[in-house]
Amino acid sequence: MISDSPHRDSVSSAPTPATVDRATFEAEIDILRAREKAHIRQGDAIAAARRAMPMVEVDAAFELVGPDGPVTLLDAFEGRRQLLAYYFMWHTGKAAPAQCEGCTWVTTQVQELGYLHSRDITYAVFCQGPYAESARYRDFMNWDVPWYSALPSLDDLLVGRTAGMMHIVCYLRDGGRVFETYWTTMRGVEAMDYSLALMDLTVYGRQEPWEDSPAGWPQKWIVDGSNTRIDGRPIPQWSRLKAGRSDDLTG
């Protein structure tokens with residue numbers, strides 16, 4: 001059973017914003033909207049700078065492991081021009097409840113790939129653990145996205161970066177050659193997540209202690225992994241168990 005009632009109770013008893021008339025409310029919204037639009041335009045400018053970045057060639061033959069055995073990085077493009085890979089952290093030999101709550105969180109958000117495909121972009125998960133074990137986790141979570149183990153080439157694929165951390169890496173294919181065009185990690189992977197963006201629209205936000213909120217606002221979700229776990233498991237696992245799916249990763 002999901003015992004999230006302490007968090008729910010803290011919200012129900014939390015202070016609320018001041019109540020004003022509609023005209024005052026709309027005037028405040030107008031001021032905020034100007035800041036929101038400036039923020040969006042700044043994001044557009046950053047995206048333009050990202051598109052203008054130089055790129056670096058990587059070995060198109062770097063080995064991955066897929067459902068049919070070894071494949072290459074070039075194969076993972078599935079014939080498209082671009083590839084966006086999410087590097088999923090993995091704890092080899094650990095049970096499903098002990099697997100990465102953050103990676104589970106963001107991977108759960110990515111479901112419909114048709115829009116990416118329409119822009120000639122393939123999305124795939126590059127798991128940082130063995131294929132068979134991690135693919136069983138993918139099946140338990142009922143994820144439909146392409147899934148590979150990056151273990152055979154992990155140090156080369158993440159050269160200069162810390163393996164064992166969540167990463168997004170973008171690649172471009174030019175014929176048989178492959179180039180890396182962008183990478184990000186940590187809060188950069190929030191680009192995959194709509195839940196946080198929606199929380200940010202609400203009055204209590206993410207309810208995490210780092211947020212600049214009025215005094216008394218609920219902030220019970222500590223950013224130490226527990227903010228994406230309930231009762232010892234990554235939050236999305238509970239619905240899979242309720243649906244009768246097995247979380248046995250041993251095969």
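A residue is called buried when its relative accessible area is under 20%. The legends below refer to a predicted model.

**View 1. Helix H3 is mostly covered.** Of the nine residues of H3, eight are buried. The buried positions are Gly 102, Cys 103, Thr 104, Trp 105, Val 106, Thr 107, Thr 108 and Gln 109. The elements that cover these residues include three strands, S4 (82-88), S5 (121-127) and S10 (233-234). Helix H5 (131-141), helix H7 and helix H8 (237-242) are also among the covering elements.

**View 2. Thr 107 is a buried residue of helix H3.** Helix H3 spans residues 101-109 and contains Thr 107. With a relative accessibility of 1%, Thr 107 falls below the 20% limit and therefore counts as buried. Leaving aside residues up to four places away in sequence, Thr 107 touches Tyr 86, Phe 88, Val 125, Trp 143 and Met 192.

View 3. Conversely, the closest cysteine sulfur to that of Cys 103 is the one in Cys 100.

**View 4. Glu 208 is buried without a salt bridge.** Glu 208 is located in the loop that runs between helix H7 (195-201) and strand S9 (229-230). Which side chain of opposite charge is nearest to Glu 208? That side chain is Arg 206, at a distance of 4.8 Å. A salt bridge requires a side-chain nitrogen of Lys or Arg within 4 Å of a carboxyl oxygen, and Glu 208 has no such bridge.

**View 5. The side chain of Glu 208 makes a polar contact with the side chain of Asn 227.** The distance for this polar contact is 3.2 Å. When residues up to four places away in sequence are not counted, Glu 208 touches Asn 227 together with Gln 219, Trp 221 and Val 223.

Note on methods:
Residues are numbered from 1 along each chain as its sequence is written. This is a predicted model: local features need pLDDT of at least 70, side-chain atom pairs count only at pLDDT 80 or more; totals for chains, interfaces and linings use all residues. Side-chain values use heavy atoms; hydrogens and water are left out. A disulfide is a pair of cysteine sulfur atoms within 2.5 Å. Helices (H or I, at least four residues) and strands (E, at least two) are DSSP runs, numbered from the N terminus. Buried means under 20% relative accessible area, exposed over 50%, partly exposed in between (1.4 Å probe, protein chains only). Lys and Arg count as positive and Asp and Glu as negative; His and the chain ends are not counted. A polar contact is a pair of N or O atoms within 3.5 Å; within protein, one must be able to donate a hydrogen and the other to accept it, and residues adjacent in sequence count only if both atoms are side-chain atoms. Contact means heavy atoms within 4.5 Å.
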